[in-house]
Amino acid sequence: MSLRIGVEPRARPALPVRLGVPIASLAAAGLVGAVVIVISGANPLDAYQTMLDSSLKGWRPLTRTLVLATPLILTGLAAAVAFRMKVWNIGAEGQLYMGAIAAAGLAVALPSGTPKVLMLLVILVAGAVAGALWAGLAALPKAYFNTNEVITTLMLNFVALYFMNYLIFGSVSFWRDPQATFPQGKIIPEAALLPIISHRLHYGLLIALGAALVLWWSLRGTTWGFELRTIGDSPAASRYAGMSVRGKILSVLALSGALAGLAGAIEVSGVLKTLDPRAIATELGFTGIVVAAVARLNPLGVVPVAVLLGAVVASGTNLQTIGIEAEIVFLLQGLIFLFVASGEFFLSNRLVFSRPASAVGSA
Amino acid sequence: MNDTVLVLSIVSAIVAGTPILFATLGEILTERSGVMNLGVEGMMLIGGVTGFWAGVQTGNLWLALLAGGLAGAVLSGIHALLAISLRVNQIVSGLALVIVGGGLSAFWGNSGDAPLIQSFNGVRVEPLLPEALRDLPAVGPIVFGHDPVVYLSWLIVAAAGYFLYRTTPGLSLRAVGEDPAAADAAGLSVTGIRYLFTLVGGFGAGVGGAYLALVVLGTWQTGLTAGAGWIAVALVILAGWRPWLALLASYVFGALRTLGFTLQIAGVEVPSDFLNMIPFVVTFLVVIVVSANPERARRVGAPASLGEPYSREAR
C-alpha cells in the first residue's frame, strides 16, 4: 500500500514547531559534524565535550565566549535588519574593517589626554559612521539603479581587506607603528580602551545588547520598522501605499553598515588595542549572517545565537589540543547555516501523509 | 618576441582566467534554468581540495579535474535540494554553500598525517601542440602554447553557445528559466531540468577550482580562490548570460589578477595590495555601470524567473 506525501503551506506555526525546528536543525548539524570528525579519525563525543568545557563551563571560559559573541551580536543584527527588508548586505565583513580602521585612526590621532568618555564616544561613533559610509557605496547604486547589492557589497569586502592590509603591511601609514621591527599598528592610548567587566570581558557586550534591544523595539514599535517589514514582504504594494522604498534602502543599508562598523570599533577598543588586520579578519561579518539566519532575523534571537556561535568559535583552539583541526569550527558553522535554512521549509510548510482513495478502498 | 611583456601577460591572463571561465560557464547554465547559485566560491574550494587530493593520489590531470568537478557537483546538489525542492531562499542557500565549502576544504586540507597544505602535486601538464607551432611569433604562445585543458575550455564555450541557441534541449533550458509555468504546461520537467543544470554548474565550478589548485598555483592553500568564485558570479551578469562573452570577460579578469606580474616585468612598482584590489574595484564599477542604463540592463537580459522557486500548486 502506498503512502502519498503531500506538501501544504501553513500560516503561523505553533510555538513547539517554531522552537523545535531550529533545535532539530542544530542537532542535525551536530550529527553531520560528528560524521566528519569520525572520518578524520577522532572521537566526536570527545570533540563536543571539549567544545562545551572550553567555552561554557565555568566563568572564565564563559567570559571568553562572550567576548567572541559581542561582535557577532552586532554583525548578526547588521544582517538581520537588512535581510528583514530583503536587502542582501553581504558586506558586513568589509564594513567592520572600515569601522576598525576609523576607530583605530582616531584613537591614535586624538590627544591621549582626551577624557575617556569623550574618546570612547568619538571612536565608536566614528566606527559606526565609517561602516555606514562604506555600506553607502553599495546602497546608492542599489537605491538609484537597482544594482545587485549582493555583488557590490561583496566586492567592497575585498577592497576593504586589501586597504586595511595596505595600511599595516604595505606601507608606513599613519596607522603603523614606525618603531616596531615587524609591521604592526600603533597601540591606542589608555583612554580609548573600553572598560573591563571581568577577565577580558569588556563593556562592548552591553553596547551590543543595547543595540539588540533598540533594534527589536524599532522593528516592532515604530512606523519605520513597520514600513521596513512591509517593503520586505511586498515592495510593489509598499510603493503603491506611498512608502519611500529608495529612502528605506538607503537607511537600512546605512544602519546595517553602522552596526558592522561599530563591531569593528569595539573589537579595536575592547580586544585588540590596535589595528591588527590578521586578528580582525576572522569572518566575523560572514558568521553574523549565520547568526541572523539561525535567529530567524529576530534581533532578540540574535543574542543567544551569537553566544552559541561564539562558543563554537571559542572552542576552536582547544580542539587542536585533542588533534582536531580548528577549521572544523567553520565547517560546523556552515552546517548549522545549511540545516537551519532547510528548516525554514518545515516552518512554512507541513507534510501531509495520506493514502490515495483507491488504495484505501482495496484494503 | 615571444618573451615580450605583452605576449607574456596575455598568456598569463589566459591561464589565470581559465578557472574563472569554467566557473562562469557553469553558473551561466545554472542561472539559465532559473536557479541562482551564489555558492560558486565554496564549490570551487571543495573542487580545488578534492582535485588536488586526487592529483596527489593518481598523478593524472584528467582524473583530478573529474574528481574536482564531481565534488563541486555534490555540493551544488545540496543547493538544488534546498533551492528547488525545499524552496529555501536561494541567496541564503548559496551563502551556506560558501561557508560549508570553505570550512570543509580548509578542514580537509589541514587534516591527517600528510596534510595537503604542505604537499606538491605530481600532476604534469604539457602543452598540447608541437613545438614548431608554439614557436611562431606572438600567436605561438598566445594561441598554440597552452595545455589541453585550455583548448577543452574553448571547445566547451563553443558547445555551450551551440547548445543554448541551436538545440531543442537548449531551448528547453532557456524556457524553464524564462517561464517555468509555460515550460511545465508544455510538458517539460521544470524540477528535473533545474536539478540537472544546478549540478552542471557545480561541476564547472569544481573543475575550475581543481585547475586553479593543480595548474595555475600548483599547490593547495586554505581559501586559495581568494574571491575568484565571487568574480565568476559577477561575470555571469557582465557577460549577459552568454558563453562567448564569458570567455572574453574571464580573460580580462585573468589579466587583472595577473596585473602585478605584468607590471613587475614591465618595471612599474605599484603596492601589491592595490593590485589585489583591482579586479574587485573593476567588478564593483562595471556592475553599477551595467545597471545604470535601464535600456542596456533589459537587453542584457537575466532569465526572467532567476532566483524564484517554482511550485505548480502556488500558481
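Me: What makes α4(B) count as mostly covered?

Reply: Happy to start there, with the reminder that this is a predicted model. In α4(B), 19 of the 21 residues are buried.

Me: Why does the span of helix α2 of chain B agree with its number of residues?

Reply: Helix α2 (residues 40–58) has 19 residues, which should span 27 Å at 1.5 Å a residue; the end C-alpha atoms lie 26 Å apart, so the two agree. This helix is mostly covered too, with 16 of its 19 residues buried. Just after it, B:Gly59 adopts a positive phi of about 70°.

Me: Why is chain B called as compact as a globular protein of its length?

Reply: Chain B has 15 helices and 0 strands. Its radius of gyration is 20 Å, and the globule rule gives 20 Å for 315 residues; the values are close, so the description holds. Along the principal axes, the C-alpha atoms of chain B fill a box of roughly 60 × 50 × 40 Å.

Me: What share of the residues in chain B is buried?

Reply: Buried residues come to 52% of the 315. As for contacts in chain B with a separation of 6 or more, 77% join residues 24 or more positions apart.

Me: What makes B:Leu235 stand out in the largest nonpolar core?

Reply: That core holds 227 residues, and B:Leu235 is one of four that touch the most other members, along with A:Leu77, A:Ala103 and A:Val302. The largest share of the core, 16 residues, comes from helix α10 (residues 190–217) of chain B. Beyond neighbours within four places in sequence, B:Leu235 has contacts that include B:Ile20, B:Ala246 and B:Phe253. Each counts as a contact because the C-beta atoms lie within 7 Å.

Me: How do you know which classes make up the side of chain A that touches chain B?

Reply: In this pairing, 38 residues of chain A contact 39 of chain B. Helices of chain A that each supply at least two residues to that side include α5 (116–145) and α15 (328–348). Sorted by class, the side has 24 nonpolar, 11 polar and 3 charged residues.

Note on methods: Residues are numbered from 1 along each chain as its sequence is written. Chains are lettered from A and ligands numbered from 1 in the order in which they are written. This is a predicted model: local features need pLDDT of at least 70, side-chain atom pairs count only at pLDDT 80 or more; totals for chains, interfaces and linings use all residues. A nonpolar core is a set of buried Ala, Val, Leu, Ile, Met, Phe, Trp, Tyr and Cys residues joined through C-beta atoms within 7 Å. A residue is buried if 20 or more other C-beta atoms lie within 10 Å of its own, exposed if 12 or fewer, and partly exposed in between; C-beta atoms are placed from the backbone. Helices (H or I, at least four residues) and strands (E, at least two) are DSSP runs, numbered from the N terminus. Two residues are in contact if their C-beta atoms, placed from the backbone, lie within 7 Å. Ala, Val, Leu, Ile, Met, Phe, Trp, Tyr, Cys and Pro count as nonpolar, Asp, Glu, Lys and Arg as charged, and the others, Gly among them, as polar. The radius of gyration is taken over C-alpha atoms; the globule rule is 2.2 Å times the number of residues to the power 0.38. The expected span of a helix is 1.5 Å times one less than its number of residues.
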